[in-house]
Each structure stands twice: as structure tokens, then as C-alpha cells.
Amino acid sequence: MQISSLETERVRLTPLTLNNYHNLIDIAQEKDLIYYSPSDISSPEKLKNYVNVALDGYQRKATIPFIIFDKDKQQYAGSTRFGLINWKNKVLHIGWTWIGHEFQGTGLNLHMKFLMLQYAFERLAFEKVEFRIDERNQKSRKAVKKIGATLEGILRKDTIMNDGFRRSTCCYGILKEEWKTIRSEVFRAL
């Protein structure tokens, strides 16, 4: 499975590798950047381990990790990935997304999600895209609702966080047959 960059006039998603992850070291250390994630990227070593886990998933065809480049600011902004890829059932997740605080609220995330949804539905011909979000993370929940995802249910206390808290995870989804409408209504301004 070889993937090249995904790109709009605003953002470029390039495969995340051990050759480019160092561009994210400063951003990864921003306070509370991934507060609602069970991952830890707070030091260069922990970020490298995070990338190695993503690359291991890529080798197993279970993930496709990206580094995010904001073309407006001409800076690397963070990381995202396709994960839990189920090739047989044509379902995947978009997640593990984090962008630096200065990039949040700028429209960058909308451009990223458009590229990823377009690739999943139009190039990979997948049937469904899912998003899993900490129940407490209202900002991310609002963002996926804004792009047309439907809340399908909540997995109660299913994930242990770094501080020992057991979070509940909200499961959102977009179906292939919903994509055409979402593309024209939600992403028309891009």
C-alpha cells in the first residue's frame, strides 16, 4: 500500500516517517495538546515511539499516518491518520489528529478532513468512515458533527487514559451514500 501526498491549496498531508517527524517535536510539547488522547507525545522520545507505533500499523496495513503542513503559514502543523483499517468490510477511522494551538480554529482541520474523506470514499471506495472521540472532548465532537458525521453510540468506559481515568468514547460515522451530500453541502466553500 503506497500513498503519496494529499493536497489542497491550503494543506498538504504527507506520509509520516522517521525522516520527517522531527518537524513536529516543538508542537508535540505544547500544553494539553492531546489531553483527551491515551497517547503521550510530550517528549521527543515519546513522539518517536508514537510515530513508530503508527509506522508499525502502516506495515500491517492497519494505519496510514500523515504529517500535516499548513500551506498558508508555511509550517508543519501536526499529525493525523487513517486507522483501524478494515479492508474486508471497507471501514476505517480518521483520528489520532492533533494540530498546534496556533492552527486550531483556522479552517485547517476542515481542509484535512475533506482530503481524508475524499480519499477514503472516492479513491479507496470505502463504505464507512468512523471517528472515535472522548465523550468529554466537546470541541472535537462539535467539529465532526459540523462535517456531517452522525453519533452512532457511546462505548462506556472503554479506554484507560494516561492518568488512569476510564473514558467513554463517542462513535461517529459517515456512510458512503451520505458523502455526496456532505461533500456538496459541508465542503462547498473549500
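Q: Is E7 buried or exposed, or does E7 fall in between?
A: Relative accessible area is read against two limits, with buried meaning under 20% and exposed over 50%. In this predicted model, E7 has a relative accessibility of 41%, and therefore counts as partly exposed.

Q: Which residue forms a salt bridge with E7, and how far apart are the closest N and O atoms?
A: The feature is read from a side-chain nitrogen of Lys or Arg and a carboxyl oxygen of Asp or Glu, which have to lie within 4 Å. Here the partner of E7 is R12, and the closest N and O atoms of the pair are 3.8 Å apart. R12 is partly exposed as well, because its relative accessibility is 24%.

Q: Which residues are linked in a network of salt bridges?
A: Such a network is made up of K128, E130, R132 and E152. One of these residues, E130, also takes part in a polar contact of 2.8 Å with the side chain of H93.

Q: Where is H93 found, and is H93 buried or exposed?
A: H93 belongs to strand β5, and its relative accessibility of 6% is the reason why H93 counts as buried.

Q: What shows where empty space is left?
A: The general idea is that a probe the size of a water molecule is rolled over the atoms, and this shows where empty space is left. In this structure the largest pocket has a volume of about 1300 Å³. Its lining comprises 44 residues, and those that lie nearest the centre are T97, W98, I133, N137 and S140.

Q: Which element gives the most to the lining of the largest pocket?
A: Strand β5 gives the most, with 7 residues. The elements that give two or more residues to this lining include β5 (91-99), α3 (108-123), β6 (128-134) and α4 (138-146), and among them are also β7 (150-160) and β8 (166-175). By class, the lining consists of 20 nonpolar, 15 polar and 9 charged residues.

Q: What is the volume of the second largest pocket, and which residues are closest to its centre?
A: The second largest pocket holds about 280 Å³ of space. It is lined by 17 residues, of which I34, Y35, S37, S39 and N162 are the closest to its centre. By class, this lining divides into 6 nonpolar, 5 polar and 6 charged residues.

Q: How many residues does α3 have, and what does α3 reach from its first C-alpha to its last?
A: The span of a helix can be set beside the value expected at 1.5 Å a residue. With 16 residues, α3 reaches 22 Å, close to the 22 Å expected. The buried residues in α3 include L108, H111, M112, K113, F114 and L115, and also M116, L117, Y119, A120 and F121. After α3 comes A125, which has a positive phi, near 55 degrees.

Methods:
Residues are numbered from 1 along each chain as its sequence is written. This is a predicted model: local features need pLDDT of at least 70, side-chain atom pairs count only at pLDDT 80 or more; totals for chains, interfaces and linings use all residues. Side-chain values use heavy atoms; hydrogens and water are left out. On a 1 Å grid over the protein atoms alone, a cavity is a set of points where a 1.4 Å probe fits but cannot get out, and a pocket is an open set with protein on both sides within 12 Å along at least five of seven lines; lining residues have an atom within 4 Å of a point. Grid points are joined across faces, edges and corners, and a volume is the space filled by probe spheres set on the points. Helices (H or I, at least four residues) and strands (E, at least two) are DSSP runs, numbered from the N terminus. Ala, Val, Leu, Ile, Met, Phe, Trp, Tyr, Cys and Pro count as nonpolar, Asp, Glu, Lys and Arg as charged, and the others, Gly among them, as polar. Buried means under 20% relative accessible area, exposed over 50%, partly exposed in between (1.4 Å probe, protein chains only). The expected span of a helix is 1.5 Å times one less than its number of residues. A polar contact is a pair of N or O atoms within 3.5 Å; within protein, one must be able to donate a hydrogen and the other to accept it, and residues adjacent in sequence count only if both atoms are side-chain atoms.
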